[in-house]
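Morning, everyone. I have one structure to walk through today, so please have the viewer open.

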Amino acid sequence: MLTADRVIAGAIMALSVYFMWHATVLPIGWNGETGGPGGGAFPFWLSAIMFVCAGGIILRSLREKPSDTEPFFDSDTLRSVVIVTIALVITVALMPWAGAYIALPLFLFWYLKIFGKHGWVVTLAITLGTPVFLFFFFEVTLKILLPKGFTEPYFIPLYARFF
Amino acid sequence: MELLGHLADGFATSLSPLNLFIVIIGVTAGLFIGAMPGLGSVNGVAIVLPITFIVPPASAIILLAAIYYGAMYGGAISSILLGIPGASTAVATTFDGRPMAQQGKAGLALIAAACASFVGGTISVVLFTLFAAPLADIALAFGPAEEFALVLLAFTTFVGLGGDDVLKTIIMICLGLALSTVGLDLISGQPRLIFFDEPGFYSGISFLVLAIGVYGIGEILYTIETQKTAPQVTPAKLTFTELWYGIKEINKLWKTMSLGSFLGFFVGMLPAAGATPAALMSYGIAKLTSKTPEKFGKGAIEGVAAPETANNAASTGSLLPMLTLGIPGSPTTALLLGGMVMWGLVPGPMLFIEQPDFVWGLISSLYTANLAAVLVNLALIPLFVWALRMPFTVLCSLVFVLCLVGGYAPSQKLHDVWLIVGFGVAGYLLRKADYPMAPLVLALVLGPLMEKSFRQTLISEQGNVLAFIERPISGTFIAISVIFFALPLLKHVKRWLKRDLSPAE
C-alpha cells in the first residue's frame, strides 16, 4: 500500500510538471496591461500546488513505518481488472475500423461467454439484442450516427428504410 | 402567496402528460440503478445523461432529477435484501435493515424504508420551496467577486469537512480545476494545454467525459473486485395487511423522521457532506434519542427510517445551492448542473427570473417524483427481488457498452471515448489509493466559473487582489473558507502538541 501510494504520488508529480510545461505557452505571471493573471497562470499555479501536495504525500510516506503488509492489488483482482481494461481498449480501437456494430457485440460476447461464463441463451440474447436497441435508439430516434468503419455500405439499405 | 402561484404554474408544467410520463420512467430507472449494488445516483445520472437528448432540455432535467430521487429510494432495497448498500448513501440502512430481513421482516423493512423516504423527501421539498426564491433573491446581488468567493468556499468545505486525506483532497481539486482549463483561454481565446497537439483537446474536456469515465467505467472496475461472489438475496413478500401494519408502525416515528429530514436537508446543502454523512448522523441521533437504544443494530424499525429520511432529504437539500447559486451540493447535482449548462439553462439566481416556468416546473416535479417513487417502489418490490438476482457480469457488460456509446453520442468524437477509458482506469487507481472523487468532478464543473470570476474581478478592479476581501459578502465567504482550510491544520497542530507532551508513547 505504501509503495503504491508513493508510485501514484510520483505519477501525479510528473503529471503536474507536464501540465506546467504546457501552461507556460501562455503568460503565467501578472498581466500588466489588463490587470489580473495571464492565460497560463491558472493551470500553472494549480499544477504547482498539485506538485507540492504530491511531494508532501511522498515525504509523509517516508516517515511512516511500512507496518501494513496488505497488498494494493491481490493478484486475482488485478488479473480481472487488467483483462477487462485490455478488452475495452481493443473495443474502442476497433470502432473506427470495424464500426460500433461489430466492436460492441464482440465485446459483449467476450464479456458474457468467456469472462462471465454465461450460457448461450443469455449471451446471444444480449449480444444480438443490444446492437438492435442501439440502432433504433441512437440512429433512428436521436439521429446520432455511431461509427461504422467498413460496415458502412451495409447500412445504406437500413438508412433508406428508416430515415 | 406569490409562492403558491408560482408553484401552481409549476404543476401545470410538471403534470403535463409528457413530464408525468418522464417522472415515472425516471424514478423507475432510478430505483433499479439505486438498487444495484455499486451503482448509485451519481453513476445513474452520469450514464443516462448523454441519452437524455431524446427529450426537450427542461424535461431532460426533470428526468435526471427523477432518477436522482429514485436512486435514493432504491439504495435501501439492496441494503435490506442483500445486506450490501445499493449506494454509499444507504450504508446506514444496512445496520438495521439487514437484521430485520434476517428475522423474516424484509417486507416490513422495505415498507418502512419507502415510507420514510417519502416523508424525508416531502418535508425537504417543502423546505426547498420555501428557501429557493429568497436565496435566489440574495444571490442576485452577487458579482464576480462573490461568485469566486463562493466557489472557493465550496472547495474548502471538502478540505475542512470532507474527512478524506487533506493533501489528496487538495490534489483532486487542483487536478479538476487544471483539467477544466484545457482548451481555449476564457479571456484571450488562445489555445492552452493542448496535449500531444491533439485537435480533440481544443474543445476542452467535457464534465460528461470525466463523469462517465470515473463513475461509469471506474466504478464498475472497482466493483469487479469487490463483488467476486454473488450475494444472497433475501426473499421478500408483501401483503396488504403487512403494508397497513408498516404504515401504522411508521406513523409512530414522526419525531425521528422530522429530525432526520431537517438534518438531512441542511447537511445535504454542503458540497462536502451530502447524503451519506447525513444518513449516518441521523441514525446516530435516532439512537441517542430513542427510548430503546439497545434495539438498534438488531432490527429496529427506527434504524431503517432515520437514515432513509435523511438521505432523501439530503438529496433535495443538495439541489438548493445548485439551482439558486449555481454551486452544486453533491457530485450528482454537479452533473445536473453540467447538463443544464450544456442545454443553455445556466443555474443561478437569473434562472429564477429568466426561466420561471422551468424552475418551478422542476421544483413541482420533485413533489410528483416523490409520490411516484414511493408508489413504484412499493408496487415493484417483487421485480426488484428478481432483478437483484441478475448476475453481476450481465449488468457490468451493459454498463460498459452504455458508457462507450453514451460517451460518443454528445460530441460524436472517438477522442472522447478514449478519454473516458483513460479516466476510468485512472479514476479506479486513484480511488483505490483513497483519493476522493467528488471534489474532482465538482472542480471540473466549477473550474470555468471560478477562473472567469477571478479574472473578471481583477480586470474590473485594475488588479487589486484585496477586492475579494473588501466587499462584505465575498469577504465573509473568504473568511469562512479560511476557517475551513485551517480546520485540519488545527487538528494536526493539536495532535502534534499532545505528542510532545507525552513522549512516553
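I'll start with the ground rules, then the interface, then each chain.

This is a predicted model: local features need pLDDT of at least 70, side-chain atom pairs count only at pLDDT 80 or more, and totals for chains, interfaces and linings use all residues. Residues are numbered from 1 along each chain as its sequence is written, chains are lettered from A and ligands numbered from 1 in the order in which they are written, and side-chain values use heavy atoms, with hydrogens and water left out.

Interface first. 60 residues of chain B are in contact with 65 residues of chain A; contact means heavy atoms within 4.5 Å. How much area is buried between the two chains? About 5500 Å², and carbon and sulfur atoms give 82% of that. Buried area here is the accessible area (1.4 Å probe) that two parts lose on being put together, summed over both.

Now the charged pairs. The rule finds 2 salt bridges across this interface, each a side-chain nitrogen of Lys or Arg within 4 Å of a carboxyl oxygen of Asp or Glu. One of the salt bridges joins the side chains of A:R60 and B:D165, at 2.8 Å, N to O.

α18 of chain B gives the most, with 10 residues. Helices are DSSP runs (H or I, at least four residues), numbered from the N terminus. By class, the chain B side has 44 nonpolar, 6 polar and 10 charged residues. Nonpolar covers Ala, Val, Leu, Ile, Met, Phe, Trp, Tyr, Cys and Pro; charged is Asp, Glu, Lys and Arg; the others, Gly among them, are polar.

On to chain A. Residues 80-112 are 97% helix, with end C-alpha atoms 14 Å apart. Residues 118-138 are 90% helix, and there the end C-alpha atoms are 28 Å apart.

B:K295 sits in the loop between α12 (275-289) and α13 (301-325). Setting aside neighbours within four places in sequence, B:K295 contacts B:D96 and B:A300.

How values were computed: Helix = DSSP H or I, 4+ residues; strand = E, 2+ residues; numbered from the N terminus.
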